[in-house]
Amino acid sequence: MTVAVVGGGISGLVVAWRLRSRGRAAVLLETSSRLGGAVGTRQHQGFLLETGPNSFLDREPATRELAFALKLEDRIRAADPAAKRRYVYTRGRLRSVPASPPAFLGSDILPLGAKLRVMGELFSGRAAVGADESLADFGRRHLGHTATRVLLDAVQTGIFAGDVERLSVGATFPQLVKLEHEHRSLILGAIRAQRAQRKALPAGGTPAPKLSGALSTFEGGLGTLIDTLATSLGDAVRVGATVEGLTRVDGGWRLAVSEQGRRAELDASEVVLAAPAYVTQGLLHPLDAELAARVGGIEYAPIAVVHLGFDAGTTPAPDGFGFLVPPAEGRRLLGSIHASTVFPFRVEAGRVLYTCMVGGAKRPDLVGLDEPALVALAREELKALAGVTATPSLTQVYRWPRGIPQYTVGHLERMAAVDQGLGRWPGLHLAGNAYKGVGLNDCIRNGLQLADALLAASPRG
């Protein structure tokens with residue numbers, strides 16, 4: 001009754017951990033020498049650096065549940081209050097993003113005409129039933145051209161680094177589609193949702209863990225979560241193990257595995273493919289070319305993470321969380337996180353750390369630059385956009401040629417077809433950020449749900 005989990009990113013780790021913690025036999029196979037995928041934390045010269053994602057919002061019960069089970073709840077660290085302010089680079093300089101409707105009216109984030117157009121969102125109409133709009137089309141209908149180009153595009157850049165004209169609003173921001181469907185106007189929907197929250201009584205039964213909603217990480221960085229999951233799994237983890245083939249046999253599955261130069265076979269009752277979509281495509285193709293093509297059609301945006309660390313006293317500590325740069329500005333930087341302001345424990349006293357993002361769907365060519373060129377690019381952009389002129393004492397680049405899955409228009413239809421295709425192969429499942437949510441919270445929630453479904457289907461496993 002062994003479950004074989006292929007892929008040691010956060011999704012695969014969570015699925016394997018949940019199964020093992022509930023008494024189900026499971027083995028995790030990871031082709032590289034390390035676990036976590038893009039999620040990881042490194043220490044260099046007094047700086048704590050994230051290799052990919054930097055944080056999560058403490059609003060997902062599944063993430064809190066996982067942290068509690070792993071005895072990590074007390075190690076969750078919320079962002080410093082100084083990080084609440086956020087910026088967008090537009091019309092030649094950084095401008096503060098307003099935190100409330102009254103602040104929006106008084107801000108300079110948009111020209112007056114664009115702000116009036118946003119207020120006209122109260123009179124927006126609904127899209128045609130079943131339409132899968134691009135995020136740009138949805139934004140222009142509700143917010144107007146300028147707000148879409150400046151604000152909505154900046155928001156998606158910080159999550160997907162995508163092309164606003166190609167991303168599906170229903171797949172990337174389903175909550176916006178839900179607001180439109182239920183309330184017609186996003187503004188009206190948000191107001192009514194706030195009123196409902198204030199009137200809601202606490203639910204009966206066991207109280208849920210208190211969720212702060214704050215931007216958060218773990219003491220020691222996100223790598224703490226990866227390391228704790230790996231330790232908990234123990235010898236169920238096999239790194240350097242590449243799955244080269246997958247065959248349906250006797251009501252179960254047989255995996256051809258290459259490990260340390262040796263080829264072996266592993267039998268499993270269930271298989272969870274938690275590898276990236278392009279890897280999963282190769283495993284699926286001999287079984288089901290149509291299903292493989294659906295999965296392999298998911299695009300990825302390349303990302304380079306460029307850390308610039310500065311010694312104490314060489315540059316002022318930046319204000320706020322950081323800034324995003326809408327693609328329409330024509331800059332070479334997607335944005336920068338003020339990592340030392342957000343989480344001061346990531347640096348030794350007085351030091352400053354900027355985490356810059358380069359590339360994305362609109363400028364994939366930049367990720368191909370060599371490390372010195374990427375560092376020079378990040379320094380030049382920080383100087384032009386934020387006035388940072390000091391010389392960094394630390395530079396570190398992490399490059400992800402296929403970094404962030406792109407949920408383009410048609411993604412929901414694609415996933416429905418994938419789910420239907422999986423129905424032809426009992427015991428075969430997919431997990432990971434390519435399908436139903438790219439964030440850390442999404443991967444944890446979906447991973448736990450999948451594991452629980454496997455447990456429910458085999459209660460004596």
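The legends below describe close-up views of a predicted model.

**View 1. The rings of Phe56 and Phe218 form a tilted pair.** A pair of aromatic rings is described by the distance of the centres and the angle of the planes. In the whole model the count comes to 7 aromatic pairs. For Phe56 and Phe218 the ring centres are 5.5 Å apart and the planes stand at 35°, so this pair is tilted, given that planes under 30 degrees apart would count as stacked and those over 60 as edge-to-face. Because Phe56 belongs to strand β5 (residues 56-57) and Phe218 to strand β9 (residues 215-218), the pair ties together parts that are 162 residues apart in sequence. Phe56 and Phe218 are both buried.

**View 2. The rings of Trp253 and Trp425 form a tilted pair.** Here the centres are 6.1 Å apart and the planes are at 50°, so the pair of Trp253 and Trp425 is again described as tilted. Trp253 is found in strand β12 (residues 252-259), whereas Trp425 is in the loop between α15 (411-422) and β20 (428-430), and the pair thus links distant parts of the chain, 172 residues apart. Trp253 and Trp425 are both buried.

**View 3. Phe160, Phe173 and Tyr407 make up a ring cluster.** Ring pairs are what link Phe160, Phe173 and Tyr407 to one another.

**View 4. Charged ends of arginine side chains sit over the rings of Phe321 and Tyr278.** The charged end of Arg86 is 4.2 Å from the centre of the Phe321 ring, while that of Arg402 is 3.6 Å from the centre of the Tyr278 ring.

**View 5. An open sheet is formed by 5 strands with parallel pairing.** Strands of a sheet pair through backbone hydrogen bonds, either parallel or antiparallel. The order of the strands in this sheet is β10-β2-β1-β14-β20. Since β10 (237-239) and β20 stand at the edges and have a single partner strand each, one side of each is left without a neighbour in the sheet. On average, and with direction ignored, neighbouring strands of this sheet are turned by 20° against each other. Within the sheet, strand β1 (residues 3-6) runs parallel to strand β14 (residues 270-273) and is joined to it by 4 bridges, and Ala4 has Val271 in β14 as its bridge partner.

**View 6. Arg24 is placed in the loop between α1 (10-21) and β2 (26-30).** Arg24 has a relative accessibility of 2% and therefore counts as buried, the cut-off being under 20%. The side chain of Arg24 makes a polar contact of 3.2 Å with the side chain of Ser269. Between the C-alpha atoms of Arg24 and His429, which are 405 residues apart along the chain, the separation is 16 Å.

How values were computed. Residues numbered from 1 in each chain as written. Predicted model: local features only at pLDDT ≥ 70, side-chain atom pairs only at ≥ 80, totals over all residues. Heavy atoms only, no water. Phe/Tyr/Trp six-rings, centres within 6.5 Å; stacked < 30°, edge-to-face > 60°. Helix = DSSP H or I, 4+ residues; strand = E, 2+ residues; numbered from the N terminus. Buried < 20%, exposed > 50% of the residue type's maximum accessible area, 1.4 Å probe, protein only. Lys NZ or Arg CZ within 6 Å of the ring centre and 35° of its normal. Pairing = 2+ DSSP bridges. Axes fitted to C-alpha atoms, helices over the stretch in contact; angles between N-to-C directions. Polar contact = N/O pair within 3.5 Å; in protein donor to acceptor, adjacent residues only side chain to side chain.
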